[in-house]
Amino acid sequence: MVIVLMMAIVIPGRATAQGMPVYDNTNFISFMKSLVESAKQTSNLMQTVKFLKQQKENIDKVNNVIKQLKAVKELAENNQRLYQVVQGDLRDILNSPFIKPDEVTRISDSFDAILENSIAAMEYIDQILSSDNMKMTDAERAAVLKEKELESKEMVAEIEAKTRRYREIISFREMQHKINNRETNY
């Protein structure tokens with residue numbers, strides 16, 4: 001048997017070596033190197049994606065904190081405006097001789113209700129910002145603060161409208177008083 005095999009190898013053209021694969025080791029080695037390099041690049045890419053996602057989350061957190069700070073600042077400014085109106089304008093309105101005694105209580109009560117809402121809103125905001133009992137994300141907290149900011153703007157608009165209306169009533173009554181008490185020279 002060994003002799004037949006030797007003869008097949010020695011005598012060319014007579015026997016063929018079919019079924020014997022021929023490997024090119026240089027191509028196989030370079031293919032394996034490229035696979036390893038691709039795996040490294042994929043791993044680096046996955047780490048970069050993970051890092052970028054983490055940075056995006058950090059940016060979102062900072063953005064939500066900035067929104068919260070802006071909303072709190074706006075709330076504080078609106079409440080300051082409410083108190084200024086009450087301290088100055090309300091005193092002028094109530095001290096006017098053209099406001100009737102029964103109107104003083106009604107005017108005071110309406111302004112007082114707005115101030116009480118303002119104080120309650122500030123206490124609620126303080127509770128949201130300082131308490132861990134209310135499990136809220138930064139985005140949820142920012143949404144609540146934005147809602148309270150809009151409510152405080154509405155309170156400021158309401159108190160300014162009431163102040164303007166009472167000033168108009170006072171002007172009208174003052175004008176009526178002048179007309180009714182004018183001297184006639186005819």
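1. Phe31 sits in helix H2 (residues 25–95); helices here are DSSP runs of H or I, at least four residues, numbered from the N terminus. Phe31 is partly exposed, with a relative accessible area of 48%; partly exposed lies between buried (under 20%) and exposed (over 50%), with a 1.4 Å probe and protein chains only.

2. This is a predicted model: local features need pLDDT of at least 70, side-chain atom pairs count only at pLDDT 80 or more, and totals for chains, interfaces and linings use all residues. Residues are numbered from 1 along each chain as its sequence is written, and side-chain values use heavy atoms, leaving out hydrogens and water.

3. Phe28, Ile29, Phe31, Met32 and Leu35 make a nonpolar surface patch of about 500 Å². Patch residues have over 30% relative accessible area and no salt bridge, with nonpolar side chains joined within 5 Å. A salt bridge puts a Lys or Arg side-chain nitrogen within 4 Å of an Asp or Glu carboxyl oxygen. Areas are Shrake-Rupley values.

4. The count is one aromatic pair. Phe111 and Tyr166 are tilted, at 6.2 Å centre to centre and 35° between the planes. Ring centres must lie within 6.5 Å; under 30 degrees is stacked, over 60 edge-to-face, the rest tilted. Phe111 lies in helix H3 (residues 101–130) and Tyr166 in helix H4, so the pair ties together parts 55 residues apart in sequence. Both Phe111 and Tyr166 are buried.

5. Mean pLDDT (predictor's confidence per residue, 0 to 100) is 81 for the chain, and 84% of the residues score at least 70. Confidence is lowest in helix H1 (residues 2–10), mean 49, and highest in helix H4 (residues 138–180), at 87. Residues 4–8 have pLDDT below 50, and beyond near neighbours in sequence this stretch has one contact (heavy atoms within 4.5 Å). Where pLDDT is low, the predicted coordinates should not be read in detail.

Note on methods
Helices (H or I, at least four residues) and strands (E, at least two) are DSSP runs, numbered from the N terminus. Patches are made of residues with over 30% relative accessible area and no salt bridge: like charges are joined within 9 Å, nonpolar side chains (Val, Leu, Ile, Met, Phe, Trp, Tyr) within 5 Å. Accessible areas come from the Shrake-Rupley method with a 1.4 Å probe; for residues, only the protein chains shown count as cover. Rings of Phe, Tyr and Trp (its six-membered ring) pair if their centres lie within 6.5 Å; planes under 30 degrees apart count as stacked, over 60 as edge-to-face and the rest as tilted.
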